Amino acid sequence: MSEEMNAPAGKKKLSRKELAAIRRENTGKLMKREARTGLIFISPWIAGALIFLAYPLITSFYYALNNIRITPIGKVFTFVGQGNFTEILLADPDFGTKLINYILKTIISVPVIVSFALIIALMLNENIKGRGFFRVIFFIPVIIVSGPILGMLSSQDAGTITAIDTQSISSAISAVLPKAVAEPISELFENMVTMLWYAGVPILLFLSGLQKIDKSMYEAAQIDGGSEWECFWKITLPTIKPLILLSNIYTIVFISNNDQNEIIGLIKASMFSGIQEKGYGYASAMAWMYSIVVLLIVGLFALIFLGRKDKYERQVKKAQKMMKKEKRELKKARRRDERNVRRIERSKRTGHYSTYGDDEQYTSHLR
């Protein structure tokens, strides 16, 4: 029975179009209510971003365009425009040298840290005894490397390998590669223990991703004759590819904001320098240039991991586009049929329909 017949007695019967309109209206109200609820939940983050991110960024950029001096009556601003940036690029030899060293060191060390984290996560994901204990062991360095503890360990050379092995590795690398490339690689081996400590959070990210992979995918691949190596490249790696990008970005940001970073120390030294040309404005300009370089490195890694999409993902997107195209064509055909039906009904009422043999000839004549 139709919805009109099921309507209670004494109430107006609603047509299907009216019922559909009511459903759309209720759906729209529900979506608006959910949007308001979501906005309330994220409002603390928005407020924090505006207060602790947007305002400091605007303030630091304003500082970068000025020469700031601290006097007994307060801060004295002298507008210099791009003068601070020009002086950093042309007259400051330390910043350029340390910036190039930082770029090479980051590009080399980030893949090493992420690869180590992935290998450890694969091992910890296996069914071994004491798995929870080993997971805690690998996450403890995340707590240790924060704060002044890392500085204390670094000052005592606790994060390096033995000096003899370091010298032999550095000599072998310097004999093969240019000095500009050999120095960051040698420094990576010298601080290998410290670098591997940074892998705590990426290990947790990879573990969470590996545990979400459906085991039936591996079983189906093994039934078809796939080896563990093929399962890794065809199932595991494509599935955790977004987590690889996330781990790369996290590691870059972590290394860039570390207190042991030479550029961070240079910015602090410039901020509290007693030289008239330096100060808050000079340090702000230096921080902005450093931030742009960090963003470029993040963009480089994002381009590497997002540039090539998976073959099956491309096929799925292609199929979705075809389905959307078919739906649009179907809607056009329905609207065209509805217009033709209305024209035929209108012609029947006016008495001109009998002139034409069938509906198709009539509609073609109207067109």
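I take accessible areas from the Shrake-Rupley method with a 1.4 Å probe, and for residues only the protein chains shown count as cover. On that basis I looked up the accessible surface of the protein chain, which comes to about 25,300 Å², with 63% of it belonging to carbon and sulfur atoms.

I note that this is a predicted model, in which local features need pLDDT of at least 70 and side-chain atom pairs count only at pLDDT 80 or more, while totals for chains, interfaces and linings use all residues. Residues are numbered from 1 along each chain as its sequence is written, and side-chain values use heavy atoms, with hydrogens and water left out.

**Overall.** I find 16 helices and two strands in the protein chain; helices (H or I, at least four residues) and strands (E, at least two) are DSSP runs, numbered from the N terminus. Buried residues make up 28% of the 367 residues, where buried means under 20% relative accessible area, exposed over 50%, and partly exposed in between (1.4 Å probe, protein chains only).

**Core.** Of its 49 residues, F95, Y102, F206, I240 and Y290 touch the most other members. Helices that each supply at least two residues of this core include α3 (93–124), α9, α12 (241–256) and α14 (280–306).

I then followed I240, which touches L118, F206, G209, L210 and I213, not counting residues up to four places away in sequence; contact means heavy atoms within 4.5 Å.

Leaving aside neighbours within four places in sequence, I203 is in contact with A117, I120, A121, L124 and F138. The C-alpha atoms of I203 and I120 are separated by 6.8 Å, although the two residues are 83 apart along the chain.

**Helix α12.** I looked up N248, which lies in α12 and counts as buried because its relative accessibility is 2%. Not counting residues up to four places away in sequence, N248 touches V110, V114, F301 and F305.

Note on methods
Core = buried A, V, L, I, M, F, W, Y, C linked by side-chain atoms within 4.5 Å.
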